[in-house]
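Dear colleague,

I am handing over the structure below, together with an account of what was found in it. Please look it over with the notes that follow at hand.

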Amino acid sequence: MPATVGRRMDRLAPVHRVTRGIDRRTVVRTGIVAAVAYAAWLAIGAFGRPYNFFDMKIYHGAVVWWASGNELYDFIAPSTTLGFTYPPFAGLVMLPMSWLPVGAAGWFNALASIGAVAVVLAALLRPIVDRLGWPLWFTVGIATPMAVAIEPARETLGYGQVNLLLFALIMADLIGLRWRAKRGTHHDTATSALARFVYSGVWAGAGIGLATAVKLTPALFIAYLMITRQWRAALTAVGTTIGVTLGTFALVGEESRTYFSSVLWQTERVGAADMTPNQSLAGLLARLYDSIETPGLLWLAFSVLILALGLSRAAAARADGDELTAFTLVGLTTNVISPISWSHHLVWVIPAIIVLADAAVRRHEASRGLLPRVGTAPAANGVPGVNALRPPIWYPTLTGLRHGVAALGLYLLFLISPIWPYEHQLPEVSHYQDGLFGALMENSLAIALIVLVAALPWRPGAEPAFYNDRPIRAAQPAGRR
């Protein structure tokens with residue numbers, strides 16, 4: 001009997017060696033990522049709507065129609081009054097999908113969009129996880145399905161929209177600005193000319209330019225770059241937009257003339273302002289007035305106010321060394337002041353949730369004296385000196401709680417998306433059909449956007465993106481922001 005047991009143990013020895021070689025924490029983390037992905041899938045089924053690539057069918061039908069020799073903007077999708085509404089450059093970009101079945105085109109767009117979200121989250125979360133000592137792959141593995149599950153992302157994927165890809169283009173410029181700020185730390189040691197060019201960040205602005213050529217609303221980021229005197233990036237963005245647009249004129253002049261002279265001004269092509277999924281300020285005001293049209297002068301007055309507020313707060317966030325929050329504020333401002341911001345356009349809540357969550361963690365760390373003061377020079381060995389640390393406060397447990405609650409509440413709001421149970425359409429049904437609570441729920445996402453523009457905190461010294469070594473301006477204490 002002992003000999004038999006010994007032979008069995010000898011056969012199992014290689015298995016034990018392999019098991020010991022596997023990091024148990026990696027196995028547990030992989031299981032957590034899988035569980036979160038499954039929970040996200042269930043959440044999409046519970047809170048999402050039936051998706052069938054509705055918008056992708058319009059894009060696909062339009063480019064197939066165009067490729068067959070017809071005029072792009074003459075296309076009207078069967079059983080609808082909807083046609084192609086993007087600039088002709090977007091039509092050129094989408095033209096290759098005319099070779100694919102519409103279902104394949106929709107899934108290709110969905111997979112590309114999810115990949116783009118994962119890459120963006122890896123870039124945005126890298127400074128945070130490095131500070132906290134978390135594995136990047138694990139954090140991104142959890143964050144990606146969580147981001148995909150909320151209203152803007154799941155609607156974008158389900159309808160076959162391009163919002164996440166445009167979001168990635170703009171965020172690429174944020175990364176380029178960071179790399180420009182850190183010039184000499186990456187590209188000097190790069191092994192190829194291409195790698196040195198990429199890490200130099202001199203291309204920053206091209207992403208915004210391309211996004212503006214596809215969809216005009218990202219042009220507000222160009223205004224932000226000019227206001228903050230990031231001239232090189234601003235000129236790159238303007239040059240990219242103009243160059244791409246002129247190139248499109250040269251290739252498809254007839255469609256370009258039709259778009260800029262006619263289609264651009266046909267606001268009725270995209271739907272009525274009061275429709276529930278329009279969560280912009282214009283949609284909010286139209287529903288409050290229980291009208292199909294937005295009260296123009298009131299919308300203009302409030303839009304100018306929110307534009308000034310959003311851009312000024314973005315400039316202040318950048319001056320305090322938080323370029324991510326600055327970009328987020330510009331994106332949120334764009335969502336608010338645009339005449340039409342469908343719920344799938346609101347992708348800027350994703351970085352807003354990240355900023356709020358990190359603000360909560362940073363404030364808690366600061367209360368325990370774990371974060372260096374902004375603008376304080378580190379010691380020679382790279383570790384802040386004793387005088388550089390923030391002094392602890394008397395109630396560290398609760399510090400950052402309101403920001404953490406705000407991050408969680410914002411995520412749950414956009415996960416549940418309470419606008420749909422209270423969807424109404426004039427003239428059949430009034431927007432006040434379900435009383436004050438129903439009107440509040442129908443406008444809840446728009447209200448959240450306006451609150452974020454006015455109150456999203458920034459994190460002094462978190463992620464500066466300056467072109468030179470000028471110091472970050474003196475920041476207020478965390479408790480006063």
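In this model, which is predicted, the largest nonpolar core has 104 residues, and those with the most contacts inside it are F84, M171, F327, L332 and F414. The largest share of this core comes from α5, which supplies ten residues. As a general background, nonpolar side chains tend to be buried together in soluble globular proteins. For F414, once its neighbours within four places in sequence are left aside, the contacts are with I150, E151, P152, R154, L346, V349, L445, A448 and L449.

As for the chain as a whole, its secondary structure comes to 20 helices and zero strands, and 47% of its 481 residues count as buried. Among the contacts with a separation of 6 or more, 74% are between residues 24 or more positions apart. The accessible surface comes to about 23,300 Å², and carbon and sulfur atoms account for 68% of that area.

The structure also holds eight salt bridges, of which I describe some here. Side chains of opposite charge can pair when their charged atoms come close. Of the two partners, E155 counts as buried, at 1% relative accessibility, whereas R49 is partly exposed, with a relative accessible area of 25%.

R131 forms a salt bridge with D358, with the closest N and O atoms 2.8 Å apart, and the pair joins helix α5 (residues 102-132), which holds R131, to helix α17 (residues 349-367), which holds D358, across 227 residues of sequence. R131 is partly exposed, with a relative accessible area of 29%, but D358 has 3% relative accessibility and therefore counts as buried, the cut-off being under 20%. D358 also forms a salt bridge with R459, where the closest N and O atoms are 2.7 Å apart; R459 is in the segment after α20 (444-455), 101 residues from D358 in helix α17. Both R459 and D358 are buried. Through salt bridges that share partners, R131, D322, D358 and R459 are joined into one network.

A further residue to look at is H424, which is placed in the loop between α18 (401-416) and α19 (435-442). H424 is buried, with a relative accessible area of 7%, and its side chain makes a polar contact with the side chain of D434 at 3.0 Å. Not counting residues up to four places away in sequence, H424 touches T276, V429, S430, H431, Q433, D434 and E442.

Finally, a word on confidence. The average pLDDT of the protein chain is 85, and 83% of the residues score at least 70. Over residues 374-389, however, pLDDT stays under 50, and the model has 19 contacts beyond four places in sequence for this stretch. The pLDDT is likewise below 50 over residues 467-481, a stretch that has 30 contacts in the model beyond near neighbours in sequence.

With best regards

Definitions and conventions
Residues are numbered from 1 along each chain as its sequence is written. This is a predicted model: local features need pLDDT of at least 70, side-chain atom pairs count only at pLDDT 80 or more; totals for chains, interfaces and linings use all residues. Side-chain values use heavy atoms; hydrogens and water are left out. Helices (H or I, at least four residues) and strands (E, at least two) are DSSP runs, numbered from the N terminus. Buried means under 20% relative accessible area, exposed over 50%, partly exposed in between (1.4 Å probe, protein chains only). Contact means heavy atoms within 4.5 Å. Accessible areas come from the Shrake-Rupley method with a 1.4 Å probe; for residues, only the protein chains shown count as cover. A salt bridge is a side-chain nitrogen of Lys or Arg within 4 Å of a carboxyl oxygen of Asp or Glu. A nonpolar core is a set of buried Ala, Val, Leu, Ile, Met, Phe, Trp, Tyr and Cys residues joined through side-chain atoms within 4.5 Å. pLDDT is the predictor's confidence in each residue, from 0 to 100. A polar contact is a pair of N or O atoms within 3.5 Å; within protein, one must be able to donate a hydrogen and the other to accept it, and residues adjacent in sequence count only if both atoms are side-chain atoms.
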